[in-house]
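Colleague: I am new to this one. Could you take me through the labels and how each is decided?

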Amino acid sequence: MWGSSGTPGDSFYEVRSECTDVPKSRFKIKAGKTLSSRKWHAAFSPEGRLDIGKTLSRIHRGGIHPSIRGEVWEFLLGCYDPKSTFEEREQLRLRRRIEYARWKEDCRQMFPVVGSGRFITAPVITDDGQPIQDPIVLMQINPDRGQALSSEENFKANGHTLNPASALEPVKDKKIIQWLLTLHQIGLDVVRTDRTLVFYEKQENLSKLWDILAVYAWIDTDVGYCQGMSDLCSPMIILLDDEADAFWCFECLMRRLRGNFRCTDNSVGVEAQLSNLAAITQVIDPKLHQHLETLGGGDYLFAFRMLMVLFRREFSFCDSLYLWEMMWALEYDPHLYSVYEDSDTDGERAEGSGSSKGKSKSKRHYGKYERENMKVKGSEAPLPISVFLVASVLKDKSSKLLTEARGLDDVVKILNDITGNLDAKKACSGAMKLHKKYLKKAQKT
């Protein structure tokens, strides 16, 4: 399986035969570099406690073997405490599956398409809660009959008995209205997500992705659903067989990223990271920053997509997974699980990483990027490595941007041309070098 030159990572994620223009993965599974199943399981004690320090550098060097990627991600994202036992994790997994099933049932009671193996792509309700009788929706909800659902499938919202296909009554509850308004948008995004993969030829996998995003939109009322979340959730259901486990892995990823999706009347959350990107570029490449400002790109909105969906569009599917796990291994903080659990106890959803206090575990249990941040004195939360990844890409294209970009359209075109041509390992190495350089220059100013 391993081979001297490495096995292509693409072989684990089959592409539809008609999709001939999909970028080939650069990620290769290599013996001695890629974290193997044997090395992974050897890092656990007999009781199930994980010595994660044994795995972080290997993940950074060579990624994770696809056969264990899902279970490793659960630790990297803070789903589980590395010091927990097999039994403790099994109990927690069971509790979480029960909680997800309860939330999903709540959603199904409001809209019975949830959990039915189907999904919708047309709106079912107006902004003021009035039902929309769209033939497309009627067919999507009940493809066999194209008529009303049976009385057993009626649902309730705001005290009313509702049937989405025929007798949907007006809804008054604003939270329910807002949720119902997002369901078709989730469906539209689902059918566009990773459509080159054979995995999504199956209706059940599309509906699973829709169900998870619909449930998340219901429980996270502060953020709900935003375009781009389907790109972040898709790998979870491919890597983890159980829908509830995939949901919780996605939920932990959103802890890191939900700030990017939080919107107000005047701003989008990711603007804070774009502002940080501008500040970094101004320090490490002032000529490029000045040029971008002259072109009217000082807000760095051209980098919006890279940060929102973590380079999913710039890399092949397999390489984007490789990039993510390298980033998470570099940023890893062994206190992440307890930070999330403490916030859940307080009724708030903790965000970000590197925010834990009183870091006392051995430094080898932290990722390399996190160890660099620990050297810096100050109360401000460290910037995510993704910002330095974008800065690294800009730095790499600096000469081309300075000589060829005469407007923002040129900037966008030059950056679009990198799609499928980036090396994830080099991008991470470049980000680490820029991070160190930035910290040194920032400390001098």
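Modeller: Start with the rings: the count comes to 21 aromatic pairs. Rings of Phe, Tyr and Trp (its six-membered ring) pair if their centres lie within 6.5 Å; planes under 30 degrees apart are stacked, over 60 edge-to-face, the rest tilted. This is a predicted model, where local features need pLDDT of at least 70 and side-chain atom pairs count only at pLDDT 80 or more, while totals for chains, interfaces and linings use all residues. Residues are numbered from 1 along each chain as its sequence is written, and side-chain values use heavy atoms, with hydrogens and water left out.

Colleague: Which residues do ring pairs link into a cluster?

Modeller: W40, F44, F75, Y80 and F86.

Colleague: How do you know that R96 lies over the face of W248?

Modeller: R96 is 5.6 Å from the ring centre. The rule asks for NZ of Lys or CZ of Arg within 6 Å of the centre and within 35 degrees of the ring normal. R255 likewise lies over the face of Y340, at 5.0 Å from the ring centre.

Colleague: Which members of the largest nonpolar core touch the most others?

Modeller: W73, W179, W210, M229 and F250, out of 134 residues. Such a core is a set of buried Ala, Val, Leu, Ile, Met, Phe, Trp, Tyr and Cys residues joined through side-chain atoms within 4.5 Å. Leaving aside residues up to four places away in sequence, F250 touches I212, L213, Y216, M229, L232, C233 and M236. Contact means heavy atoms within 4.5 Å.

Colleague: Why is K287 called exposed?

Modeller: Because its relative accessibility is 65%. Exposed means over 50% relative accessible area, buried under 20%, partly exposed in between (1.4 Å probe, protein chains only). K287 is in helix α11, residues 286-294. Helices (H or I, at least four residues) and strands (E, at least two) are DSSP runs, numbered from the N terminus.

Colleague: Are C79 and C252 buried or exposed?

Modeller: Buried: C79 has a relative accessible area of 1%, and C252 has 3%.
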